[in-house]
Structure formats: structure tokens, C-alpha cells
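This briefing goes through one protein model, beginning with a single residue and its surroundings. The overall fold and a few backbone details follow.

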Amino acid sequence: MSPPLGILLRSGGHEAAHYALVLATGAAAIGRPAVLFATNGGCHLLRHDTPLPRDPRESLLAGRGVAGVGPLLAAAAELGVRRIACEAGLRAEGLDAAALARDVEVAGVVTFLEAVGPGQMLAL
């Protein structure tokens, strides 16, 4: 089994969230375990009503044949990407765990570090 890929998403912006999903789904598509850990502004990606699929950049990407946040969120769930919202990050953003999408875990950085173990980590 390949070592896990851990992705730390700190930003709530479209570009960082989009590429975090590109990396996570790409890893999962080749059979590599992927863990997406969102904190602070990044937690907004994991909301069940995330505003990112309504970002104007989504139509630009679609028009150029690039999968956007909406399709990538669905692919991440289907491919088994482990999605974790940082407990402290949720508090920092004033978000309640009830706002998160189905199957998103709430945990701390220790859980993320344990999940990735000796694998690679990237921060966006």
C-alpha cells in the first residue's frame, strides 16, 4: 500500500480549496490513501452548503473542461478521501459541526498527523 497523502487546507479561497481537492482525488484515484484536513478558513470547503461551487471561477473552469469544486467534492466522497475538519479551526471560524457535510469528521491535528503517519504532507 502506498503511504498516505495528507493535505492541510488553511485557506477558504476557491483556488486553494480546488487544488486541495485535485490532489486528494488524484491520489485516491491511483489507490493512494488521502486525508484532507481543513482548518480555519479551509473548514468552509467541508460545509454541506459550501459556497465554493457558486464561485464565478467554477463556470470558468467548466468552460475550459476542468472539474470544479462541486464535482471534485462528490469524487472525493466516492473515492474515500478522508475529510477532517479541525475542531479548533471550526471554533475559530464560528462554525458548528452540524454545518459540515455528511461523513466529515471533526478532530484535531494529532488525528491528522496519526492518519498521515510517515506519508507526505502538503499545505495549501
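Leaving aside residues up to four places away in sequence, T39 touches L8, L9, R10, C86 and G89. T39 itself sits in the loop between β2 (34-38) and α2. The model is a predicted one, and the points below are grouped by topic.

- T39 has a relative accessibility of 11%; buried means under 20%, so T39 counts as buried.
- N40 also belongs to the loop between β2 and α2.
- N40 has 35% relative accessibility and therefore counts as partly exposed.
- The phi of N40 is near 45 degrees, which is a positive value in a residue other than glycine.

**Overall fold**

- The protein has five helices and five strands.
- Read from the N terminus, the order of these elements is β-α-β-α-α-β-α-β-α-β.
- The radius of gyration is 13 Å, which agrees with the value near 14 Å that a compact globule of 124 residues would have.
- The C-alpha trace spans about 40 × 35 × 20 Å along its principal axes.
- Of the contacts with a separation of 6 or more, 73% are between residues 24 or more positions apart.

**Burial, surface and charge**

- Of the 124 residues in the protein, 42% are buried.
- The protein exposes about 6,300 Å², and carbon and sulfur atoms supply 56% of that area.

- Where is T25 found? T25 is in helix α1, which covers residues 14-29.
- T25 counts as buried because its relative accessibility is 8%.
- Not counting residues up to four places away in sequence, T25 touches L72, A75, A76, L79 and V81.
- Among these partners of T25 are L72, A75, A76 and L79, and helix α3 covers residues 69-79.
- An α-helix has 3.6 residues a turn, so residues three or four places apart point the same way.

- Helix α2 covers residues 56-63, and at its start a side-chain oxygen of D55 reaches to within 2.8 Å of the backbone nitrogen of R57.
- V66 has its place in the loop between α2 and α3.
- Is V66 buried, partly exposed or exposed? At 36% relative accessibility, V66 counts as partly exposed.
- V66 touches H18 and L61, with residues up to four places away in sequence not counted.
- H18, one of the residues that V66 touches, falls within the range 14-29 given for helix α1.

**The loop between α4 and β4**

- D103 is found in the loop between α4 (87-93) and β4 (105-107).
- The phi of D103 is positive, at about 70 degrees, although D103 is not a glycine.
- D103 has a relative accessible area of 57% and is exposed.

Notes: Residues numbered from 1 in each chain as written. Predicted model: local features only at pLDDT ≥ 70, side-chain atom pairs only at ≥ 80, totals over all residues. Heavy atoms only, no water. Helix = DSSP H or I, 4+ residues; strand = E, 2+ residues; numbered from the N terminus. Rg over C-alpha atoms; globule rule 2.2 N^0.38 Å. Buried < 20%, exposed > 50% of the residue type's maximum accessible area, 1.4 Å probe, protein only. Contact = heavy atoms within 4.5 Å. Areas by Shrake-Rupley, 256 points an atom, 1.4 Å probe, with all protein chains shown as cover. Polar contact = N/O pair within 3.5 Å; in protein donor to acceptor, adjacent residues only side chain to side chain.
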